[in-house]
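Subject: Structure for your review

Dear colleague,

Please find below the sequence and structure that I am handing over to you. My findings follow, and I would be grateful if you could read them with the structure open.

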Amino acid sequence: MKYAYYPGCSGHGSSVEYEASTRAVCNALDMDLVEIADWNCCGSTPGHSISHELSGALAARNLLQASKTGADCVISPCPSCSSNLKIARWRMQNPEFKAEVDSLLDAPTPANAEGGADLMETYSVLQAIVENVGVDAINRRVTYPLEGIKVVTYYGCLLSRPAHVAKFDDPNNPVSLDNILKALGAEVLPFALKTECCGAAMGIPDVNIPGQLSGRILETAKAAGAEAVVTACPLCHMNLDLRQRQAARITKNKPFELPVFYYTQLIALAFGLPEESMRLDKLAVNPQPLLDKIAERRAARVQAAHDEARKAAGVAS
Amino acid sequence: MNITRLDKARDLNFKRQVEEESGQNLSACYQCGKCTAGCPSAGVYDRQVSQIMRAVQMGLKEEALKNRSLWLCLSCSTCSARCPNNIDVAAVMETLRMMARREGWVQDRPMETFWKAFLDTVKYTGRSYEMGVMAGFMARTLRGWGNVEIAPTALLKNKLPFIPSVIEGREEVARIFQRYAEKQKRS
């Protein structure tokens, strides 16, 4: 299936590893991504906090560019981008709101029969993978299973909220990442803070807010016995990984040393894709001890199977 | 103790206006407090979200609009997900923030400045630029030094590029901002 792809600004900065692994995984799953030409920032939270019309106009320019790709829908790895593009289209079904947004654009958006804007729908890459490709197809593609490492999945706020617009997974207890990680061979632990906010971009004006909130998420994950946290959002990742030491200091904890992966990095690992499609070197918390553990368990498992086979052969002869 | 004379302070027009702009039925709120219980920012709010909802119901405009909470809201929508009466509480908070701004009642300058610094990078390049947002915010407020703590790791991992990504259609984006600013001036 052909998708109009919206990478989002952080893909060029703080989340290049998410961008690289998303493209590699989509490619491996035969998803045809066409990057939206000359896309602009969706305005993110500052945009909709200041003005819905401004935020809508920034999104509309992208959706108009997207229609030139000939794809059926837009997908974005970033939950904030996909949520913004989706909400803009949803709001613009109201002809009055559409007119407000149109007055900010060079040319008005096309109208549908009801007088709302005729624009492409947007989904998160996660939703497209889960609903259009399916967890079974992921499972079939695994060549390097994750050997039962214990993980917690962390969804953040926007993947399934607000529920009446997102229409994906459960707004309080989502399971899509859990199902993917199980299909990759990881053990997914129950985790109460799956959708508890990490503090978002509040770190710029005041580091204490994300420090407290992310510290609590990491502390709880650690106490649950997690060896890694898996996320799908660049901003969550920044707060949990890049700011992890800061979060430990603010919550008066010892360093957590808890690796935080993008789910796409772990899919790429389990698919046996090359290192440049994971960019694990970009992670602030060193994932190597955990990667070594997977390799050791795999070697032990292969050896045990080999011994078993030889024993069986010996008995037979 | 604060005594509010409802017969004097009450502004039912305000309640209607909030309902219209947010598209939510405020009368459906029965003050169960689930929004406050789930709010990640409750600890730093000067007025809890359920109290703000009650103030709107009662038509107490200043109570609802003059508080820092509207700026400390993380837009996570947990309140909306938990409301038993399906009120999109986060949408109400966002509406109130915009109304407060129109009244000139911005209660948290640093947050407002951060949002503007972010949108400025979009206005000039077409995309947001992390380094530019941080520099812009710090230059205007002389705050945000907490971010310096993560700079060594961010630089080591080359996570914050020094050169912004500039799009060809940046003037088209700049015109969106320009028309928006003109519209603001007129209203």
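How far apart do the C-alpha centres of domain 1 of chain B and domain 2 of chain B lie? The two centres are 28 Å apart. Domain 1 of chain B covers residues 9–103, and domain 2 covers residues 109–186. Please bear in mind that this is a predicted model.

Chain A

Chain A contains 14 helices and 8 strands. Its radius of gyration is 21 Å, close to the 20 Å that the globule rule gives for 317 residues, so chain A is as compact as a globular protein of that length. Taken along the principal axes, the box filled by its C-alpha atoms is roughly 80 × 50 × 30 Å. Of the 317 residues in chain A, 57% are buried. When one considers the contacts in chain A between residues at least 6 apart in sequence, 78% of them join residues at least 24 apart.

The nonpolar core

In soluble globular proteins, nonpolar side chains tend to be buried together. Here, the largest nonpolar core has 144 residues, and the members that touch the most others are Val229(A), Val230(A), Leu266(A) and Val89(B). Apart from its neighbours within four places in sequence, Val89(B) is in contact with Cys35(B), Val49(B), Met53(B), Cys79(B), Ser80(B) and Cys83(B).

Ser55(A) and its helix

Ser55(A) belongs to helix α3 of chain A, which spans residues 52–67. Is Ser55(A) buried or exposed? Ser55(A) is buried, because 24 other C-beta atoms lie within 10 Å, and the cut-off for a buried residue is 20 or more. Setting aside neighbours within four places in sequence, its contacts are Gly43(A), Gly47(A), His48(A), Asn84(A) and Ala88(A). Leu85(A) is 30 residues away from Ser55(A) along the chain, and the C-alpha atoms of the two are separated by 8.9 Å.

Two packed helices are described by the angle between their axes and the distance between the axes. The axis of α3(A) comes within 9 Å of the axis of helix α4 of chain A (residues 79–91), and the two cross at roughly 105°. Angles of 65 to 115 degrees count as roughly perpendicular, and α3(A) and α4(A) are therefore roughly perpendicular to each other. On the α3(A) side, the residues making this contact include Ser55(A), Gly56(A) and Ala59(A), while those of α4(A) include Asn84(A), Leu85(A) and Ala88(A).

Yours sincerely

Terms used
Residues numbered from 1 in each chain as written. Chains lettered and ligands numbered in written order. Predicted model: local features only at pLDDT ≥ 70, side-chain atom pairs only at ≥ 80, totals over all residues. Helix = DSSP H or I, 4+ residues; strand = E, 2+ residues; numbered from the N terminus. Rg over C-alpha atoms; globule rule 2.2 N^0.38 Å. Buried ≥ 20, exposed ≤ 12 C-beta atoms within 10 Å, placed from the backbone. Contact = placed C-beta atoms within 7 Å. Core = buried A, V, L, I, M, F, W, Y, C linked by C-beta atoms within 7 Å. Domains from an automatic or database assignment. Axes fitted to C-alpha atoms, helices over the stretch in contact; angles between N-to-C directions. Parallel < 35°, antiparallel > 145°, perpendicular 65-115°, else oblique.
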